[in-house]
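Visitor: I would like to be taken through this protein term by term, with each label set against its rule. Could we begin once the sequence and structure are in view?

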Amino acid sequence: EMCIRDRWYQRRVHGESKNMFFEENITNRNTVWKQYQDENWILIDKDTLPEIRDKQKNLKKQKDPQLNVSYHKGLQKGVLVHTPEGYGKIQTVANENGIIQVQIKEETKDFKQEEVQTEIEVVVAYLCPEFQREDTMIISSSASEKDIYQQLRLLSESDIPYVPKFYYKGKLISHDSEQTVEDLKVAPGDNFLILATNGDFLTAKRLSSETSNWMYSGLPDAITFTLSKDARLAGFGVYKSSNEQNLKCDARIYEGDLPSKGELIFARVITLQYTDDDQTIPIIFDTPLNLKANQKYTCWIKIDNGQSYFGQYGAESVNIPELNLDVKFFNCKESYNGTKSKGQIPTLYFL
């Protein structure tokens, strides 16, 4: 038996087998060698194996106080959790009997582990003119309303240029609210709504104080910009003709700060007409452009002749709080018609 044990041990050391029972025994086919965690080997009767295995499991539970709650991430004292009776903070985690004590308002109550949640699964309905769908989303018990807003924005991203709005219990979800899921009383299985419509885009406006008589002679106006995070650009705005003359406008977007050397990622020719209403006209892409953080991009337009409105007092940076996005503007070296802190291209539109 010792020879058999030694041969087994050598095989195990060389990696051929690991943590297995060796059932070859020249004297008794009903016994097996079993190696325990302390590396000791014991010859035992097969009939006692289930009992020994149970004893080992119990010993492991005693040595590993986190065993019972390993599938409940973050269950420790002071953590905000959801229970069948609402939200509360954990006071104790009693692993021996699987009971977790949670303080709800002024009272401490006992709950089973499966009744205590740090992650809340909710249902999200997505409605837009093109299609409808339903998803599930996991919300942390420590999340704020603005955290939920950002999660819903990620869930609603698509190539369809609609503007999404988010609702919970009939109320619009705020992009900057610090209310917690406890304040909102979010419970598992609750319904959230993403309503995507042809509504207003999220606008970064860099120019103000519009006036007329920006002159053209076939030279380009351009402005370069960067983003603080990845974002989807839906289009940009240009100023209209300031008299009754229609203007032919070649509008483009390049990657980089030098259009002559950059990659062309959008191009369209439009007509700028004179109207009595808004002084700008939006140029909206057929498909939003997925722009990268900290990469330079350039809006570029060229008009052969005529005059348009123009803006002044150009902002160097504009924040879009709904997206937590900063847009920084830079002068373009190939803006030969004068657009810098004043001139053309007043707005960028984001989804």
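## Labels and their cut-offs

Guide: Of the 351 residues of the protein chain, 40% count as buried, where buried means under 20% relative accessible area, exposed over 50% and partly exposed in between, with a 1.4 Å probe and protein chains only. This is a predicted model, in which local features need pLDDT of at least 70 and side-chain atom pairs count only at pLDDT 80 or more, whereas totals for chains, interfaces and linings use all residues. Residues are numbered from 1 along each chain as its sequence is written, and side-chain values use heavy atoms, with hydrogens and water left out.

Visitor: What does the secondary structure of the protein chain come to?

Guide: The protein chain has four helices and 23 strands, these being DSSP runs numbered from the N terminus (helices H or I, at least four residues; strands E, at least two).

Visitor: Why is T118 called buried?

Guide: The relative accessible area of T118 is 16%, and because the limit for buried is under 20%, T118 is buried. T118 is found in the loop between β6 (107–112) and β7 (119–127), and its C-alpha lies 8.2 Å from that of V79, although 39 residues separate T118 and V79 in sequence.

Visitor: Is S144 buried or exposed, and what does S144 touch?

Guide: S144 has 7% relative accessibility and therefore counts as buried. S144 is found in the loop between β8 (132–140) and α3 (145–156). Leaving aside residues up to four places away in sequence, S144 touches S177, E178, Q179 and T180, a contact being heavy atoms within 4.5 Å.

Visitor: What makes N294 and N324 exposed?

Guide: N294 has a relative accessible area of 65%, so N294 is exposed, and N324, with a relative accessible area of 53%, is exposed as well. N294 lies in the loop between β18 (280–291) and β19 (297–303), while N324 is in the loop between β21 (317–320) and β22 (325–331). Phi is positive in N294, near 65°, in a residue other than glycine; phi of N324 is near 50°, also a positive value in a residue other than glycine.

Visitor: How many aromatic pairs are there?

Guide: The count comes to eight aromatic pairs, on the rule that rings of Phe, Tyr and Trp (its six-membered ring) pair if their centres lie within 6.5 Å, with planes under 30 degrees apart counted as stacked, over 60 as edge-to-face and the rest as tilted.

Visitor: Why is the pair of F266 and F285 called tilted?

Guide: The ring centres of F266 and F285 are 4.3 Å apart and their planes are at 45°, so the pair is tilted. The pair links distant parts of the chain, with F266 in strand β17 (residues 263–272) and F285 in strand β18, 19 residues apart. F266 is buried at a relative accessible area of 10%, and F285 counts as buried at 3% relative accessibility. Ring pairs also link F236, F266 and F285 into a cluster.

Visitor: How do you know that the charged end of R133 sits over the ring of Y126?

Guide: The charged end of R133 is 4.5 Å from the centre of the Y126 ring, and a charge sits over a ring if NZ of Lys or CZ of Arg is within 6 Å of the ring centre and within 35 degrees of the ring normal. The charged end of R206 likewise sits over the ring of F329, 5.9 Å from its centre.
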